[in-house]
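This briefing goes with the sequence and structure shown below.

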Amino acid sequence: MSEYLVEMRGIKKSFGRVQALKGVDFWVKRNEIVGLLGDNGAGKSTLIKILVGYYRPDEGEIYFEGRKVSFKSPWDSRKLGIETVYQDLALVNLMPIWRNFFLGREVMKGPFGTLDVKRMKKITIEALKDIGIFVRSPDETVAFLSGGERQAIAIARAIHFGAKLLILDEPTAALSVGETQRVLEHILEAKRRGIAVIFITHNIYHVYEVADRFVLLEKGEKIGDLEKSETTPEKIMEIIAASSVGTMSR
Ligand SMILES: Nc1ncnc2c1ncn2[C@@H]1O[C@H](COP(=O)(O)OP(=O)(O)OP(=O)(O)O)[C@@H](O)[C@H]1O
């Protein structure tokens with residue numbers, strides 16, 4: 001079995017005259033938490049969108065569990081166990097928690113295939129409780145939850161449905177200190193359950209607590225790939241600042 005869950009080799013992508021990625025090698029080992037860092041426009045989102053099949057690379061290859069893949073849409077990557085939680089789009093605001101939990105994976109019952117609402121509510125509550133999240137009711141509308149609670153539900157959903165790789169896009173942006181800590185705990189819980197994580201962020205201090213390795217992008221190029229044991233948040237900030245104007249959060 002390959003030690004790599006994901007391997008992206010020589011990835012290039014341009015939008016018109018903008019070279020968003022200039023030949024990037026990026027990999028995630030099984031059960032590893034990788035912090036993906038870089039200033040605005042560094043190419044982080046483009047790299048992830050290529051990985052999940054939202055964009056096709058102009059050049060380069062992608063391997064998942066040692067096999068070459070060519071995802072045609074995010075649905076293809078999701079089927080193999082790649083779950084992405086976008087900062088704002090993780091959940092549908094006007095729907096209750098249980099609907100969000102099962103979105104696109106609804107449980108049906110009976111000969112006419114009606115929604116098994118009771119069962120889905122029960123599973124939702126149990127799956128959340130299982131990773132230490134207590135919600136007042138599965139009927140609660142997501143719009144009334146805090147940012148941290150939404151991230152937590154999205155992470156619990158990925159764990160419950162057996163994701164192998166969880167991609168979190170700025171999961172701690174705009175969260176209070178306490179909420180950030182709770183979300184970091186959930187990320188570690190995902191790792192304890194064997195899931196690998198890509199944590200995209202501008203904030204080195206948030207990701208530093210939980211990540212095993214840090215990949216630094218700048219202007220479409222990889223400018224650093226560092227194990228936690230060989231670096232510090234300050235060193236990472238220095239590398240990024242040295243190659244850009246440096247607007248990373250401190
Ligand atoms: N759909 C697109 N059309 C045109 N240009 C794009 C598109 N997507 C990204 N780009 C450009 O590609 C470059 C990399 O952008 P990308 O969004 O990947 O960076 P990022 O590191 O995710 O930045 P941020 O932290 O601001 O999200 C930027 O110059 C951006 O303007």
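**Ligand shell**

The shell around the ligand consists of 4 nonpolar residues, 6 polar residues and 1 charged residue. The model is a predicted one.

- The residues around the ligand are Phe-15, Val-18 and Ala-20, together with Gly-38, Asn-40, Gly-41, Ala-42, Gly-43, Lys-44, Ser-45 and Thr-46.
- Two elements, β2 (18-29) and α1, each give two or more residues to this shell.
- Helix α1 supplies the largest share, 3 residues.

- Six strands form an open sheet in the order β6-β9-β10-β3-β11-β12, and the pairing is mixed.
- The edges are taken by β6 (82-85) and β12 (221-227); each has a single partner strand, so one side of each is left without a neighbour in the sheet.
- On average, neighbouring strands of this sheet are turned by 15 degrees against each other, direction ignored.
- Strands β3 (residues 33-37) and β11 (residues 213-218) run parallel and are joined by 4 bridges.
- Leu-37 has Leu-216 in β11 as its bridge partner.

**Helices on the sheet**

- Helix α1 (residues 44-52) packs on the sheet, where it touches β3, β6, β9 (165-169), β10 (196-201) and β11.
- The direction of α1 makes about 150 degrees with that of β10.
- Helix α5 (residues 147-160) lies across β6 and β9, and runs at about 175 degrees to β6.

**Lys-191**

- Lys-191 is part of helix α6 (residues 177-192).
- Beyond its neighbours within four places in sequence, Lys-191 is in contact with Asn-31, Ile-33 and Val-197.
- Arg-30 is 161 residues from Lys-191 in sequence, yet the C-alpha to C-alpha distance between them is 9.6 Å.

**Overall fold**

- The protein has 8 helices and 12 strands.
- Its radius of gyration is 19 Å, close to the 18 Å that the globule rule gives for 250 residues, so the protein is as compact as a globular protein of that length.
- Along the principal axes, the C-alpha atoms fill a box of roughly 60 × 40 × 35 Å.
- Of the 250 residues, 38% count as buried.
- Among contacts with a separation of 6 or more, 67% are between residues 24 or more positions apart.

Definitions and conventions. Residues numbered from 1 in each chain as written. Predicted model: local features only at pLDDT ≥ 70, side-chain atom pairs only at ≥ 80, totals over all residues. Pairing = 2+ DSSP bridges. Axes fitted to C-alpha atoms, helices over the stretch in contact; angles between N-to-C directions. Contact = placed C-beta atoms within 7 Å. Near = placed C-beta within 6 Å. Nonpolar A, V, L, I, M, F, W, Y, C, P; charged D, E, K, R; others polar. Rg over C-alpha atoms; globule rule 2.2 N^0.38 Å. Buried ≥ 20, exposed ≤ 12 C-beta atoms within 10 Å, placed from the backbone.
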